Amino acid sequence: TRRNWIRPLVWACAAAALSIAVFVFWNQSVAYPSSITKQDWQRAGAALDRLAVFGYDSHTQRLRVGQGERAAGRPESSLRHFQVASQMNPRSVEARTSMANVLHELGKIDASIEYYLEALAIQPDFVDAHYNLGNALATRHRYREAVDHFRAVTRLRPDFSSGYTNLGNSLLRIGDKEGAIEAYRTAVRMD
């Protein structure tokens, strides 16, 4: 019948639109990242939402739009994109860490701690998750736990002076003055 051609045409148009949108978005964000505005990030997110209805969605693009929304000062919107990315790829360390970072910025420290722990359960040697988890734990005055994560940071990335500084701060808070002095000395030698 005559209607048999409509469905393939709609799918072909949707696929072409997705390809064009990804190409344009990719080129703009790589070539001209400073020219992307808040409205551009909002439009990109809305486009991804519309394409998801047709089964076209991208974990990587969700992460990218989430980071853009976060940089544009829209943490709630960025959190939504990170959550979708996490649902699309349950083993995504980047999605969990990004959600944790946004939650920490929003003052939801306990929730951020849970996401950092989830990220570390997936990838135990992820330095950024250890570092940010240590900071979140220190914010909650859980210095002994923070020390463990800052020690992991300095073990995994021995050239990261901020890891030693934060280790020193947490050691000082639990009364280990000698350990704190050694951590501070190591940090100073690096800078």
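Begin by selecting helices H6 and H7 in this predicted model and displaying the side chains where the two helices meet. On the H6 side, the residues in contact are Ile-109, Ser-112, Ile-113, Tyr-116, Leu-117, Ala-119 and Leu-120. Their counterparts in H7 are Ala-129, His-130, Asn-132, Leu-133, Ala-136, Leu-137 and Thr-139. An α-helix has 3.6 residues a turn, so residues three or four places apart point the same way.

Two packed helices are described by the angle between their axes and the distance between the axes. H6 covers residues 109–122 and H7 covers residues 127–139; their axes come within 9 Å and cross at roughly 150 degrees. Because angles over 145 degrees count as roughly antiparallel, H6 is roughly antiparallel to H7. The handedness of the H6–H7 crossing is left-handed.

Most residues other than glycine have a negative phi.

Now select helix H3, residues 59–71. The 13 residues of H3, at 1.5 Å a residue, should span 18 Å, and the distance of 18 Å between the end C-alpha atoms agrees with that expectation. Which residues of H3 are buried? They are His-59, Gln-61, Arg-62, Leu-63, Val-65, Gly-66, Gly-68 and Glu-69. Just after H3, select Gly-73, whose phi is positive at about 85 degrees.

Proceed to helix H4, residues 75–88, and pick out Ser-86 within it. Ser-86 counts as buried because its relative accessibility is 10%, and the cut-off for burial is under 20%. Apart from neighbours within four places in sequence, Ser-86 is in contact with Ala-95, Arg-96 and Met-99.

Finally, show the whole protein. The protein contains ten helices and zero strands, and its pattern along the sequence reads α-α-α-α-α-α-α-α-α-α. Buried residues make up 41% of the 191 in the protein. Among contacts with a separation of 6 or more, 44% join residues 24 or more positions apart. With a surface displayed, the protein exposes about 11100 Å², of which carbon and sulfur atoms supply 55%.

Note on methods:
Residues are numbered from 1 along each chain as its sequence is written. This is a predicted model: local features need pLDDT of at least 70, side-chain atom pairs count only at pLDDT 80 or more; totals for chains, interfaces and linings use all residues. Side-chain values use heavy atoms; hydrogens and water are left out. Helices (H or I, at least four residues) and strands (E, at least two) are DSSP runs, numbered from the N terminus. The expected span of a helix is 1.5 Å times one less than its number of residues. Buried means under 20% relative accessible area, exposed over 50%, partly exposed in between (1.4 Å probe, protein chains only). Contact means heavy atoms within 4.5 Å. Accessible areas come from the Shrake-Rupley method with a 1.4 Å probe; for residues, only the protein chains shown count as cover. Axes are lines fitted to C-alpha atoms, for helices over the stretch in contact, and angles run from 0 to 180 degrees between N-to-C directions. Angles under 35 degrees count as roughly parallel, over 145 as roughly antiparallel, 65 to 115 as roughly perpendicular and the rest as oblique. A crossing is left-handed if the near helix is turned anticlockwise from the far one by less than a right angle, and right-handed if clockwise.
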